[in-house]
Amino acid sequence: MTIRLADIAVQAGVSEATVSRVLNGKPSVAAGTRQSVLAALDVLGYERPLRLRQRSEGLVGLITPELENPIFPALAQVIGQALTRQGYTPVLATQTPGGSTEDELTEMLVDRAVAGIIYVSGLHADTTADMARYGRLRSQGVPFVLVDGFSPKVQAPFISPDDRAAMALAVAHLVSLGHTGIGLALGPRRFVPVQRKIEGFVRAMKDQLSMSAGAVETQLIQHSLYSLEGGQAATAALLARGCTAVVCASDMMALGAIRAARERGLRVPRDFSVVGFDDSPLVAFTDPPLTTIRKPVPAMGQAAVRTLLEEIGGTPAPHSEFVFMPELVVRGSTASAPRRRHKPTEPDRVS
């Protein structure tokens, strides 16, 4: 203990007696001196005594899903940079299969007295999850903001892209190219963004191709996993139903869709068109460059930080959803609908 006191005293530039008074919560210590001792504890890696733990004004937790999907690191970078500019330090907590759960990561961040938490694509997006966890967090006085997903049961600010409008943009683009057999490949139905994409897709197919909702939902929508393999499996099923184009719920799924088409001897975009979602880094450089719906990541990330800091500052934003408009980015994975299926054995004609 003497050595520990000495180390802390040297780091803080005070006497060991002063360190002892701070650690034991004694009065008659100047606020600046007390803060110097607490900072020395943090620098040297010692845990603060429970009585001295207060919510930090500098740490903000950011809980994301796995980072294999490039859109999550991109969003984390935007949020991290925005927090840093405001004098806060982001603490990234990532969920991994078989690793820590959202609840465990939340507990870890609360134990470290973060000033607030931003959740990206968390349990708030899962309609089967218990939303009481967020009520308990609010009762602890921890401000938080929820990105990608919505629940009327949670009193908090939500930040979302307009998934319905995104599907309208994608369908309009493909219809303008002459496609009528347009499929939708997406993740499990229990997620709010998935349900909204389905709503937007069904409405767009009805408005632009006069298709019935029942026909669209039974023939042109395929659920799978949010992964390259999931996109490949979903697209294989849609190809078997005669689709000439597919809209995917993520760029990773879209890359799987291209693989599925090529496995059947089809060329993208000559024989089959693919639209992604997110505009993840590097998809402009894939083969072919991916046509996609650009998720407004910079605007959403900055809004999440701004809203959280208002919560922290005691002037909370309305506990409602802030919806951001996506953008269609046309590249090389979409083209006019084929007039007939190209036979894999037929040689290409060179003009």
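How do the residues of the lining of the largest pocket divide into nonpolar, polar and charged? The points below answer this and describe a sheet.

1. Basis. This is a predicted model, in which local features need pLDDT of at least 70, side-chain atom pairs count only at pLDDT 80 or more, and totals for chains, interfaces and linings use all residues. Numbering runs from 1 along each chain as its sequence is written, and side-chain values use heavy atoms, with hydrogens and water left out.

2. Pocket lining. The lining of the largest pocket comprises 17 nonpolar, 8 polar and 11 charged residues (nonpolar: Ala, Val, Leu, Ile, Met, Phe, Trp, Tyr, Cys and Pro; charged: Asp, Glu, Lys and Arg; polar: the others, Gly among them). A pocket is an open set of points on a 1 Å grid over the protein atoms alone, where a 1.4 Å probe fits, with protein on both sides within 12 Å along at least five of seven lines; lining residues have an atom within 4 Å of a point.

3. Pocket position. Of the 36 lining residues, Pro65, Glu66, Phe72, Ser121 and Tyr226 lie nearest the centre of the largest pocket. Helix H8 (192–209) is among the elements supplying at least two lining residues, and H8 gives the largest share, 3 residues. Helices (H or I, at least four residues) and strands (E, at least two) are DSSP runs, numbered from the N terminus.

4. Sheet. Six strands form an open sheet with parallel pairing, in the order E2-E1-E3-E4-E5-E11; strands pair if DSSP finds at least two bridges between them. The edge strands are E2 (89–94) and E11 (321–324).

5. Strand pair. E5 (residues 158–161) pairs with E11 in the parallel sense over 4 bridges. Ser160 has Val323 in E11 as its bridge partner.
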